[in-house]
Amino acid sequence: MTARIGVVTFPGTLDDRDTQRAVRVAGAEAVPLWHRDKDVKQVDAVVLPGGFSYGDYLRAGAISRFSPVMETIIGQAKAGMPVLGICNGFQVLTEAHLLPGAMLRNNDLHFVCRDQRLRVETSGTAWTSDYTAGQQISIPLKNIDGRYTADEHTLDELEAEGRVVFRYLDGNPNGSLRDIAGITNAAGNVVGLMPHPEHAVESLIGTGRTDGLGFFTSVLKKLVDA
Amino acid sequence: MARVVVDVMLKPEILDPQGQAVQRALPRLGFAGISDVRQGKRFELEVDGPVDDAALARIREMAETFLANTVIEDFNVKVES
């Protein structure tokens with residue numbers, strides 16, 4: 001039996017197909033989920049992919065967070081189901097308060113699109129166990145609302161509890177506080193990051209590296225072992 | 001029908017690059033003497049029925065959970081007659 005990983009499509013989602021493919025490349029079954037369905041089809045984990053859900057109207061992720069599918073996902077994430085939010089998905093997770101802080105417009109106001117080097121700060125999450133702490137990876141980054149913000153107390157807490165999962169290397173692309181590219185919740189099952197691992201799972205395309213594949217193999221391993 | 005206005009502003013400690021960009025453009029356009037600009041959002045709500053305490057309480061709840069993200073933004077609710 002292989003793990004079933006749900007990939008949510010909101011109106012305006014862009015990267016659902018690439019994410020489904022990444023799930024399959026890792027050896028799991030990709031299950032498309034629709035924003036209007038409360039039913040998440042008994043999946044074992046969920047990925048919220050990138051894009052501009054609901055046009056990013058109001059704030060990035062603000063409207064998606066109240067969609068029927070998110071009602072179910074929020075409940076299951078709190079119960080321990082692995083959830084990964086990539087880019088717009090990360091914004092949805094902060095708006096849903098599954099992850100602390102908020103995302104703001106890049107500090108230089110430009111859309112950034114480039115290969116981004118990151119340092120993996122912890123392997124202690126459902127989505128990073130196939131990496132080692134301190135490992136450097138390169139995956140695509142593409143966003144305009146990528147500036148991670150939280151108050152000093154929250155940032156200190158994240159650092160102290162080892163919940164900063166990724167940090168930007170070679171320059172901070174968007175003004176994120178403390179160079180934070182991704183974080184996790186206290187239980188380690190919910191992870192959000194701005195860069196895109198799903199675009200770096202096959203050597204033929206993208207960065208020419210497969211540095212993003214580990215996200216999907218990590219969660220697969222966790223689900224199979226469970 | 002009454003109108004209720006909800007103003008949403010980034011908290012003072014949050015960097016507002018859009019406001020800064022506006023402020024920097026002002027001297028070039030001949031508008032001198034503006035030392036800072038903060039950019040926010042204004043929502044105009046047309047309310048069915050009376051704007052009583054219960055209606056205002058619902059609008060405050062709406063502002064707090066949806067119109068504003070209170071992690072980064074403050075909001076203000078006022079009734080326009």
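Predicted model: local features only at pLDDT ≥ 70, side-chain atom pairs only at ≥ 80, totals over all residues.

The points below take the chains in turn and end with the contact between them.

1. Local features are described only where pLDDT is at least 70, whereas totals for chains and interfaces use all residues.

2. Make-up and size of chain A. Five helices and 11 strands are found in chain A. The radius of gyration of this chain is 16 Å, close to the 17 Å that the globule rule gives for 226 residues, so chain A is as compact as a globular protein of that length. Along the principal axes, its C-alpha atoms fill a box of roughly 45 × 35 × 35 Å.

3. Packing of chain A. Of its 226 residues, 56% count as buried; the criterion is 20 or more other C-beta atoms within 10 Å of the residue's own. Among contacts in chain A with a separation of 6 or more, 75% are between residues 24 or more positions apart.

4. Strand β1 (residues 4-9) of chain A pairs in the parallel sense with strand β2 (residues 29-34) of chain A, over six bridges. One point to look up in the viewer is A:G6, whose bridge partner in β2(A) is A:V31. Between β1(A) and β2(A) the chain passes through helix α1 (residues 16-25) of chain A, and this β-α-β crossover is right-handed.

5. The sheet of chain B. In chain B, three strands form an open sheet with antiparallel pairing, in the order β2-β1-β3. The edge strands, each pairing on one side only, are β2 (41-47) and β3 (73-80) of chain B. On average, neighbouring strands of this sheet are turned by 20 degrees against each other, direction ignored.

6. One strand pair of chain B in detail. Strand β1 (residues 2-10) of chain B runs antiparallel to β2(B), and seven bridges join the two. Within this pair, B:V4 has B:L45 in β2(B) as its bridge partner.

7. The helix on the sheet of chain B. Which strands does helix α2 (residues 53-67) of chain B lie across? The helix lies across β1, β2 and β3 of chain B, and runs at about 150 degrees to β3(B).

8. Contact between the chains. On the side of chain A, 10 residues are in contact with eight residues of chain B. The residues that chain A brings to this contact divide into four nonpolar, three polar and three charged.

Conventions:
Residues numbered from 1 in each chain as written. Chains lettered and ligands numbered in written order. Contact = placed C-beta atoms within 7 Å. Nonpolar A, V, L, I, M, F, W, Y, C, P; charged D, E, K, R; others polar. Helix = DSSP H or I, 4+ residues; strand = E, 2+ residues; numbered from the N terminus. Rg over C-alpha atoms; globule rule 2.2 N^0.38 Å. Buried ≥ 20, exposed ≤ 12 C-beta atoms within 10 Å, placed from the backbone. Pairing = 2+ DSSP bridges. Right-handed = clockwise from strand over helix to strand, strands pointing away. Axes fitted to C-alpha atoms, helices over the stretch in contact; angles between N-to-C directions.
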